[in-house]
Amino acid sequence: MEVMKLKVRLRQRHFRCIPFLLLLLTHTWSVGTLEERSDDKWMHFRCNDTSSVQMVKVKFSSQVVRNEYIVAFNDYYKTNTREKFITAALNGSGVENWKILTRNNPASDYPSDFDVVLLEETEKLSGLAALNRHPSVRRVTPQRVVHRTLKYVNLTDSKADCLGPGCSYHTWQSSRPLRRSSLAINNQFWQSTGRHTSRRLLRAIPRQITTILQADALWSMGITGTGVKVAVFDTGLAKTHPHFKKIKERTNWTTEKTLDDGLGHGTFVAGVIASSQECLGFAPDAELHVFRVFTNNQVSYTSWFLDAFNYAILKKIGVLNLSIGGPDFMDHPFVDKVWELTANKVIMVSAIGNDGPLYGTLNNPADQMDVIGVGGINFEDQIAKFSSRGMTTWELPQGYGRVKPDIVTYGSAVRGSSIKGSCRTLSGTSVASPVVAGAVTLLASGVLHRGNAINPASMKQALMASARRLPGVNMFEQGHGKLDLLKAYQILNSYKPQASLSPSYVDLTECQYMWPYCTQSLYYGAMPTIVNVTILNGLGVSGHVVGKPQWHPYTPQFGQYLDIALTFSELLWPWSGWMAVSIAAARTAASWEGIAQGHIALTIESPPEDGETESRQSSVKLAIKAKIIPTPPRHKRILWDQYHNLRYPPGYFPRDNLRMKNDPLDWNGDHIHTNFKDMYQHLRNSGYYLEVLGSPFTCFDASQYGTVLLVDAEEEYFPEEVAKLKRDVDNGLSLIVFADWYNVTVMKKVKFYDENTRQWWMPDTGGANVPALNDLLSSWGIALGDRVFEGDYTIGDHDMYYGSGTTIARFPDSGIVISQKLKDQGQEVLGQETEITENVPILGLLQSRAAEKSGRVVIYGDSNCLDNSHLQKDCFWMLDALLEYTSTGHLPSIFKDHQSQFINKITDLPQRMEGNHLYRYSKVLENHMGALQTRALPPCPHLVWAQPIPLNKSAPTNLYKSQKLLSLSIEVPMWRMGPPPKGGAVGQAEGLSGEFWSWRGEGTGIGEYDEDSLSFIPAVALMLLSCIVVFLAYRYYRQRTRPRRKRPPRLRRIMAVLNAGRVPAV
């Protein structure tokens, strides 16, 4: 009986274990998958919500205001003092008609560092020169007017916005024309979009964006935005709006006499940040400062922003959201003032832009190093189609762009306050930006006890270090990953001032994240691969690199096969700087293949803070990993000419397709990794190696390359370039030119008059600079005409589209010319009757006869079939065929079968437009005493390779995982976290002891948490606990339902065992 009682007790304990295991299971589920919960009430809300999801399409344009100039001073002065400076400068300059424009706004009563001057300049520009000579004047720049067009479209970005029965799905349509992509591109592993193709649990989307990002966890700790001043620069806000309880101040910087929001955009942005009712904002108790900088007609001026920015500095704003932007990163007064804002510890958050999925479409100021640039994702954690992509284009053509956006967050189907006092749902990066701004405000209010340790750099470091990387998405789409509010708070709560790098490591073998670097290996003789690294300096607003960065190759990992050249900014201000890392294969690796590794070490120093006596220092490392292959054969190497591409800003360079009237500016960089990305991937898939030339033709060794690819060139050419290219082709180099339209009459027609600026905007060239191309091609008797053609045609089995292209006017008789039937688009633009023209020569192929091994020249009149900006039908197949011809001399049959008779025209060739201002932006031309002349040929860039300091150490296999500077235990429960008690030591808050945090002696920059390696733990634990619970329940049920039988006494059982197997006697 005792044995039986014991077993019954054990079975009862099995039963009592079940509630405990269920509790443990529930806890694991809530911690591990908090943001993936499926809640019926939220499902009910989303699928029965009758309000439409609207996409905010934002378009910006910026033009110079005629005769208005912003005179920036070296310091802040009162009105009378500034007037004396300007009067003294202009006296005796010959300028009689000028006046200082009055600015009536809240900043007028305070000293300012600029004035707006209306100046009727003379032909010699003596007034501007006199102002620039004054010792108190820092810079004189034209006043600019900004036009913003907000269009609300009832579309959603993703099917994930509504899930469940009865949901109607919509797809967001790009403003760009739909196009057919090459099949070879879609099946490449580095082309992944991050979508999961396997079956997944569909989860409902909570109503509140704050719930998704777990802001309520911080609210439960008493962190609600108290003590932080947040500014919203937008269209205003009504004083009596019911969603807001702490509108501290509303100011108007426009010419309209109202503070209210007439459009609704400013109300929505403010609601996402600080709404306290219905559709909740992140920081409901923050002080809300509303700056109305746009009129109801969506017009603003640079001077309005400058005054408003000065007032924000005066009011000691802590966080500033700017859900605006545009491509003009050369609006110097605006850019300078943004730097000044962040230097005054204003954390600026800005939208990266809605010009995706095209690359090279980043907006300013989000593309600045000191600003937190925010991209958008949908609720399936996929990059939103509308979100702009990197790289930055400031650095072209000589350098390479920086990584942007910094982070991404939800910007699709987000709910916020409406102008009517209720809620609405919007999409766009102008929605994602206030999500981050609200999160930053909330974070800042939770770490007020950290004092000066929290600044624009440390906040950005924390956001990037805690961000969760999205799988299958490259760094120019997601930056450092998806916003993780709670982990950012954990980092800030124990932050130690330091420097960090972005990207924090360079792995040229890591696809998809390190696209495009991972798509092409290094080899000896190639143009160096340039990685533009941003240095974030959390030590102080200013700093510098101590000495020079050191290159440490790892001997066991063949680091000696890498050559590294380093250039960096002399001053890190404000809070940031740059380091250009040029990576090349060493001469000794000409025939070697393998992986080479090492690291770059540098030390950042900043002045001591108040109460400190010694300078602050922080040492960081940048891990380098690259694959080296033997040098490919010459005919497989293509050189892309970047040097002769010009774009907006600063000049008006029109689009290559005249039908793109809504976006007339060519501003995407014309780089193989921006708007020619698909072409680049296709050529790589075809086995070609592409290198970028950022200097004149005189600076490359033509014997290394099979073909030079010159596409959509707007720049002029040095005479030395023309002569060298002729010699190179004679010696075996081939040239492929994709041109575009050029017609002076059409250029004058596509000018536009801006009513606000009272000024005509005239393009400085056509889609391409045909007169300059004719100078370059004259060595072979080739010339392009000035007629503009458009239309569909077929060559072989390929359907083609010719979009605003030029024609061949002259071509040698020995060459092959292909003609097609096209429409005269130039006549259409000029308002004349259009006609279909037979035999329009558009493609020419020529074998040079200068020498036995001379190269080949190919000319095609349109680049639209290669350019993602306006790609309708790609011509990648034709590019392959042309490269086959230029590389091997074999003429594909498709060209041979479609050649046509061509008669050279003895007409005048296109001439440069009189009065054009191309010299203002050209690297070749200059204006000398009113006459245009060619500049002196610049010297070729010469890299100084860093002296290697070898280390006999092994590199980690995964550079991403090894980049942690802060060791964070993800087991830390949020209820144990919070600001330390007053007077307590920093970092000794409850739940933040050394048990959970540790600092490494040497850092590589603030790390990024390896979420992928830990994300499977909750799922595995759930499965195991479920199995245990089911097993125990089953055992208990069997024991309870099994009929009990009376067990024999112990002695009888023993005798039964002893007699087992014996045959009983009869």
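Modeller: Let's start with a word we'll need a lot: buried means under 20% relative accessible area, exposed means over 50%, and partly exposed is in between (1.4 Å probe, protein chains only). What you see is a predicted model, where local features need pLDDT of at least 70 and side-chain atom pairs count only at pLDDT 80 or more, while totals for chains, interfaces and linings use all residues. Residues are numbered from 1 along each chain as its sequence is written, and side-chain values use heavy atoms, with hydrogens and water left out.

Biologist: Got it. Which residues in the largest nonpolar core touch the most other members?

Modeller: A nonpolar core is a set of buried Ala, Val, Leu, Ile, Met, Phe, Trp, Tyr and Cys residues joined through side-chain atoms within 4.5 Å. The largest one here has 89 residues, and the two that touch the most other members are M679 and F738.

Biologist: And which helix gives this core its largest share?

Modeller: Helices (H or I, at least four residues) and strands (E, at least two) are DSSP runs, numbered from the N terminus. With 8 residues in the core, the largest share comes from residues 876-888, that is, helix α20.

Biologist: How many residues are in the other core, the one with A215 and V374?

Modeller: That core lies apart from the largest one. A215, V232, A270 and V374 are among its members, and the count is 65 residues.

Biologist: On to the cysteines. How many disulfides does the structure hold?

Modeller: A disulfide is a covalent bond between the sulfur atoms of two cysteines. Here, a pair of cysteine sulfur atoms within 2.5 Å counts as one. The number in this structure is 4.

Biologist: How many residues apart are C279 and C423?

Modeller: These two are joined by a disulfide, S to S 2.1 Å, and both C279 and C423 are buried. C279 sits in the loop between α8 (265-274) and β7 (287-292), and C423 in strand β14 (residues 423-427). The pair links distant parts of the chain, with a separation of 144 residues.

Biologist: Is the C279 to C423 disulfide left-handed or right-handed?

Modeller: Look at the torsion about the S-S bond, which is about -100°. That is why this disulfide is called left-handed.

Biologist: Then take C865 and C875: are they buried or exposed?

Modeller: They form a disulfide, S to S 2.1 Å. Its torsion is about 60°, so the link is right-handed. Both cysteines lie in the loop between β36 (856-860) and α20, so the pair ties together parts 10 residues apart in sequence. As for accessibility, C865 and C875 are both buried.

Biologist: Now the charges. How many salt bridges are there?

Modeller: A salt bridge needs a side-chain nitrogen of Lys or Arg within 4 Å of a carboxyl oxygen of Asp or Glu. One of them joins R402 and E395 (2.9 Å, N to O). The total by this rule is 31.

Biologist: How far apart in sequence are the parts tied together by K460 and D406?

Modeller: Their side chains meet in a salt bridge, 3.4 Å from N to O. K460 counts as buried at 3% relative accessibility, and D406 is buried at 4%. K460 is in helix α12 (residues 456-466) and D406 in the loop between β11 (372-377) and β12 (407-410), so the separation in sequence is 54 residues.
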